[in-house]
Amino acid sequence: MPFSLRGLAVCLLLAFSALPVAAQDSGPGDVITRQFEAFRQGDMEAAFSHASPTLKRIFGSSQTFASMVRQGYPMVLNPDQMRLLDLREEGARLVQRVEVIDRKGVVHLLDYDMVETEMGWKINGVRFVQAPPVAA
């Protein structure tokens, strides 16, 4: 009987020690990457699932969300390349900078505002970053 209790304790310890690792695997960058994958597959419902509750209320449906993305952020739909850059704190929020190179080779820098919800990290907005001037 003592052996099985020790075995149970070890199993519980291993299970609980894995929880922080799982949380790290679902960080802001992972959420953004999954949204890009959904865009590439044309799955607007899945892409919309990564939006924060605030954005879901604003857009109301994945169709409205998809229309906004097509009009305002077409470079994220099927980019040639996407790269996560720095993750930083701005006040009480986290901002993930993302570099997107579209199919024409144009570089776009975007800041993704991220919020942590009961359902994990969600995208709460995206804004364009002005590229720094090129030195002559």
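Author: In what follows, Ala, Val, Leu, Ile, Met, Phe, Trp, Tyr, Cys and Pro count as nonpolar, Asp, Glu, Lys and Arg as charged, and the others, Gly among them, as polar. The model is predicted: local features need pLDDT of at least 70 and side-chain atom pairs count only at pLDDT 80 or more, whereas totals for chains, interfaces and linings use all residues. Residues are numbered from 1 along each chain as its sequence is written, and side-chain values use heavy atoms, with hydrogens and water left out.

Reader: How do you know which class the residues in the lining of the largest pocket belong to?

Author: Sorted by class, this lining holds 13 nonpolar and 2 polar residues, with no charged residues. A residue belongs to the lining if it has an atom within 4 Å of a pocket point, and a pocket is an open set of points on a 1 Å grid over the protein atoms alone, with protein on both sides within 12 Å along at least five of seven lines. The largest pocket has a volume of about 200 Å³, where a volume is the space filled by probe spheres set on the points. Of its 15 lining residues, Phe65, Met68, Val69, Tyr73 and Val126 are the closest to its centre.

Reader: Why does Tyr73 count as buried?

Author: Tyr73 has a relative accessibility of 16%, and buried means under 20% relative accessible area with a 1.4 Å probe and protein chains only, so Tyr73 counts as buried. This residue lies in the loop between helix H6 and strand S1 (81–90), helices being DSSP runs of H or I with at least four residues and strands runs of E with at least two.

Reader: What is Tyr73 in contact with, leaving aside its neighbours within four places in sequence?

Author: Taking contact as heavy atoms within 4.5 Å, Tyr73 meets Met68, Leu110, Val126, Arg127 and Phe128. Arg127 is 54 residues from Tyr73 along the chain, yet their C-alpha atoms are separated by 9.5 Å.

Reader: What makes a set of residues a nonpolar core, and which residues have the most contacts inside the largest one?

Author: Such a core is a set of buried Ala, Val, Leu, Ile, Met, Phe, Trp, Tyr and Cys residues joined through side-chain atoms within 4.5 Å. The largest has 26 residues, and Phe39, Val76, Tyr112 and Met114 have the most contacts inside it. Helix H3 gives the most to this core, with 5 residues. Val76 touches Phe36, Phe39, Val69, Leu110 and Tyr112, not counting residues up to four places away in sequence.

Notes. On a 1 Å grid over the protein atoms alone, a cavity is a set of points where a 1.4 Å probe fits but cannot get out, and a pocket is an open set with protein on both sides within 12 Å along at least five of seven lines; lining residues have an atom within 4 Å of a point. Buried means under 20% relative accessible area, exposed over 50%, partly exposed in between (1.4 Å probe, protein chains only).
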